Amino acid sequence: MTGLGYTIPVLLAVVVVVALESMVFRTGIFRTATYWISMVIVLGFQIPVDGWLTKLSAPIVLYDDHHTTGIRFPWDIPVEDFLFGWAMVTAVLILWQHQRKRDTEEVDRERSS
């Protein structure tokens, strides 16, 4: 069963992060330019590092082709790595924004007391 070992959990992580943002945390992060700029910065580092780690000519990290889609772009990077990185970084940023909002609300409550 191709794609089950890495692809399915990665796709599930993407769905969970989007669902948590849209239904639970509602930080509005997807509507901000700073979020999308940070994603470009992450990609700017992820591509050369991940490309070096996964290059098929001398891989440091090996993937079983039965657990991925087999699609690699650019520089032999499994596409699943981009989705995993997106889900991980986005989840952290959402939680960070949520906590920041809670801290601000707490300070505001203390000031008004």
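Which helices do the buried residues of helix 3 pack against? Let's find out by clicking through the model.

Before you start, note that residues are numbered from 1 along each chain as its sequence is written. This is a predicted model, so local features need pLDDT of at least 70 and side-chain atom pairs count only at pLDDT 80 or more, while totals for chains, interfaces and linings use all residues; side-chain values use heavy atoms, with hydrogens and water left out.

Colour by pLDDT (the predictor's confidence in each residue, from 0 to 100). The protein chain has a mean of 93, and 97% of its residues reach 70 or more.

Now select residues 79-112, which form helix 3. Helices here are DSSP runs (H or I, at least four residues), numbered from the N terminus.

Next, pick out the buried residues of helix 3, among them Phe82, Trp86, Leu93 and Ile94. Buried means under 20% relative accessible area, exposed over 50%, and partly exposed in between (1.4 Å probe, protein chains only). Here's your answer: they pack against helix 1 and helix 2 (33-54).

Zoom in on Leu93, which touches Ile29, Tyr35, Ser38 and Met39, not counting residues up to four places away in sequence. Contact means heavy atoms within 4.5 Å.

Last stop: Lys55, in the loop between helix 2 and helix 3. Lys55 counts as partly exposed because its relative accessibility is 25%.

How values were computed. Helices (H or I, at least four residues) and strands (E, at least two) are DSSP runs, numbered from the N terminus.
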